Amino acid sequence: MSKNTRYKSHQPDESGLVNWSAQENEIWTELLQKQLRLLKGRACDEYLHGLELLNLPSERIPQLAEINSVLIKATGWQVKQVASLINFDEFFRLLANKQFPVATFIRSNEEFDYLEEPDIFHEIFGHCPLLTNPAFAHFTHTYGKLGYAASKEDRAFLARLYWFTVEFGLVNTPDGTRIYGGGVLSSPGETIHALQSDDCVHMPMQPLDALRTPYRIDIMQPIYYVLESFDSLFDIADMDIMALVRQAKQQGLFAPRFLPKEKQAS
Ligand SMILES: [Fe+2]
């Protein structure tokens, strides 16, 4: 949720439909085809199952009502159309009401592999399949309620837990490490990086550690936390997360595994 963006959400018409251009639909198709190839053997089964339920169109960007008809039956969640960027207050309020914000714009070709702003491909392809899963839905709902009630300072800690789960989480499975984070699943570049690069480490998911780990949104991640199993998201949601936030505040952040933005070679 950065402050500036060159993207702008489309306004739906009176019947709630967004009129996407042929070019925008084409970007969706290319992204979808590329990711479907890459995700075999890399995405977790829970995600792939959700993808089947959603049955996303390949030749056009889906309308939000189509997504909602599946989500509501599966877990009671909904997607909600928002402007390109929303503030934390609005973000947490929506999640606390089982509404997942979706900005109705799609990335340009220049940012095909990774972009900082969450576009409709990221939200729908990256997150919505798992919003059909009870463990993920429960975790995200709990997170929204905690975040809505939290102070600005505590929200900064909570944001790290979200980052290392919902956005960039990996999970241990009998077949090996798999991806469930939407930030990875919607990024062709990061899908490969997260599982196959020597420039990142995998650590077991410990919520306290995740709360203390700094991150940057504009680089491929140098660290990923791996859930013991997918259902351990239930256990995390049922922990006293705000007590862990207090502990994280006391213990402070870990040293970053990346250079500060301004010192990076351009
Ligand atoms: Fe996201």
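Tutor: Let's take the labels one by one and set each against its definition. This is a predicted model, so local features need pLDDT of at least 70 and side-chain atom pairs count only at pLDDT 80 or more, while totals for chains, interfaces and linings use all residues. Residues are numbered from 1 along each chain as its sequence is written, and side-chain values use heavy atoms, with hydrogens and water left out.

Student: Okay, what makes T29 count as buried?

Tutor: Buried means under 20% relative accessible area (over 50% is exposed, in between is partly exposed; 1.4 Å probe, protein chains only). T29 has 17% relative accessibility, so it counts as buried.

Student: Where is T29, and which residues is T29 in contact with, leaving aside its neighbours within four places in sequence?

Tutor: T29 is in helix α1; helices (H or I, at least four residues) and strands (E, at least two) are DSSP runs, numbered from the N terminus. Contact means heavy atoms within 4.5 Å, and beyond those neighbours T29 touches S58, E59 and R60.

Student: Why are α1 and α9 called roughly parallel?

Tutor: They pack at an angle of about 15 degrees, with axes 10 Å apart. Axes are lines fitted to C-alpha atoms, for helices over the stretch in contact, and angles run from 0 to 180 degrees between N-to-C directions. Under 35 degrees counts as roughly parallel, over 145 as roughly antiparallel, 65 to 115 as roughly perpendicular and the rest as oblique. So α1 and α9 are roughly parallel.

Student: And why are α6 and α7 roughly antiparallel?

Tutor: Helix α6 (residues 134–149) and helix α7 (residues 152–167) pack at about 165 degrees, so they get the label roughly antiparallel. Among the residues making the contact are F136 and F139 of α6 and L158 and A159 of α7.

Student: How do the residues of that contact divide?

Tutor: Into 10 nonpolar, 3 polar and 1 charged. Ala, Val, Leu, Ile, Met, Phe, Trp, Tyr, Cys and Pro count as nonpolar, Asp, Glu, Lys and Arg as charged, and the others, Gly among them, as polar.

Student: Last one: how do you know that β3 and β4 pair?

Tutor: Two strands pair if DSSP finds at least two bridges between them, and β3 and β4 have 4 bridges, in the antiparallel sense. A hairpin through 2 residues joins β3 to β4. β3 also runs parallel to β6, with 2 bridges joining them.
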